Amino acid sequence: MAGKTILEVQNLTKFFNTPGGQLHAVDGVSFTIEEGKTLGIVGESGCGKSTTGRTILKLLEPTGGKILFDGQDITGYSRKQMRPLRQEMQMVFQDPFSSLDPRQTVMQLISEPIIEHKLLRSKKDIEERTLELMRTVGLADRYMNVYPHELDGGRRQRIGIARALAVNPKLIVCDEPVSALDVSIQAQILNLLKKLQADLGLTYIFITHDLSVVKYFSDDIAVMYLGQMVEKAPSDILFKNPIHPYTKALLSAIPLPIVGGEKPVRQLIRGEITSPVNLPDECRFMKRCDCAEERCKNGNPQLREIEPNHFVACSCV
C-alpha cells in the first residue's frame, strides 16, 4: 500500500543566465517521494543533482515548475514564508568543514538552530537538548567545547547531521554527505543516517555520484544527465535491469571485487559532454551514445513508463 506523499516536484526547472545564453542546470525534473522513504539522485559532476536539491529547498529560486511539500505549493513562497518550513526541510552539506562556522564550538553550532527558531527558551533546556543530539549522532559529551578544526571529517559531518536534526525535520536533503570522507567513515555515517531514518521516520533525498552507496541507501533511484532525469526506478529494479545507455555505463563503472574470475566488459562513455548552455532539441546523450540513431535527433525524449514504476527517457527504447 502506498504511503503518504511528502514531496511532489512537477516539471522543475532552474536556468542560469550566462554571457553565452541560458545554462540549463535543472530542466523538467518531476518525481514524488513518500514519507519515510529515500530517493537517490545520481549522475556525473555538473548534471544538476545538487542544484535540484537546493532548488527544492528554495535555497535557489526555481525558474519554473512546482514544488509541493506536505500538500502545500511552496513554489512562490518568499523567504519570510519559507522560514517556518525550514524546521521541516533541512540539508546536510557535502563539505563538513566549509558548512560549519569555524568560530563556534560544537555546542554553539548544534544549539544555533534551536535558538534561531525559538524551540526552547531556557539555557539549561537548550544545553540538555544539544547534548541529547550529540549522543544521537555519536558525538561524545567531551566534544561540546571543541572547535570544528580540531575534529576529523566524520565527526564534523556528525555535527552537520545534528544541526539538521535539531529542528525535528520531516525531509532532509543529503548532498553527497560522505564523498569527502574515508571509506570506513562513510560506512559509519551511512549506518547512522539509516538508523535515524528508522527511529525518526525521516524522508531523504540522497544526492551522490557513487552508485554502490546509493544502492545500499535508497528505495528509488533517479539518474540525471545534463539537468534531466533519464531513468527512474526502484533500486533493485534499476540495478537488475538498467535500460538507458547512460545508466548502463554508470553501473558498468562500479568496481567489482573479482579475483581470478572473468570480469564483465566495461561500457565506456566516449566523446565530450554537450554544453548545458542553449541545448538543442535532441537527445542530450546522443553524441556519447553507442546506440544513437537518426531518430534521436527528433526532439529531446521525456520520461515514460516502460514497466510498473520504471521510467526511461530514451528514443531507442
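Biologist: Is the crossing of α3 and α5 left-handed or right-handed?

Modeller: The crossing of α3 and α5 is right-handed. Handedness is read from the near helix: clockwise from the far one is right-handed, anticlockwise by less than a right angle is left-handed. Helices here are DSSP runs (H or I, at least four residues) and strands are E runs of at least two, numbered from the N terminus. This is a predicted model, where local features need pLDDT of at least 70, side-chain atom pairs need 80 or more, and totals for chains, interfaces and linings use all residues. Residues are numbered from 1 along each chain as its sequence is written, and side-chain values use heavy atoms, leaving out hydrogens and water.

Biologist: At what angle do the axes of α3 and α5 cross?

Modeller: An axis is a line fitted to C-alpha atoms over the stretch in contact, with angles from 0 to 180 degrees between N-to-C directions. The axes of α3 and α5 cross at roughly 25° and come within 7 Å. The two helices are therefore roughly parallel (under 35 degrees; over 145 is roughly antiparallel, 65 to 115 roughly perpendicular, the rest oblique).

Biologist: Which residues make the contact?

Modeller: With contact meaning heavy atoms within 4.5 Å, α3 gives V106, L109, I110, E112 and P113, while α5 gives I159, A162 and R163. By class, this contact has 6 nonpolar, no polar and 2 charged residues. Nonpolar covers Ala, Val, Leu, Ile, Met, Phe, Trp, Tyr, Cys and Pro; charged covers Asp, Glu, Lys and Arg; the others, Gly among them, are polar.

Biologist: And how do α3 and α4 cross?

Modeller: Helix α3 (residues 106-116) and helix α4 (residues 123-136) have axes that come within 9 Å and cross at roughly 115°. They are therefore roughly perpendicular to each other, and their crossing is right-handed. Among the residues in contact are I110 and I114 of α3 and L131 and M134 of α4. The contact of α3 with α4 divides into 9 nonpolar, 2 polar and 2 charged residues.

Biologist: Which residues are closest to the centre of the largest pocket?

Modeller: Rolling a probe the size of a water molecule over the atoms shows where empty space is left. A pocket is an open set of points on a 1 Å grid over the protein atoms alone where a 1.4 Å probe fits, with protein on both sides within 12 Å along at least five of seven lines; lining residues have an atom within 4 Å of a point. Of the 26 lining residues, L59, R86, Q90, F93 and R163 are closest to the centre. Helices α3 and α5 (153-165) are among the elements that each supply at least two lining residues. By class, the lining has 12 nonpolar, 6 polar and 8 charged residues.
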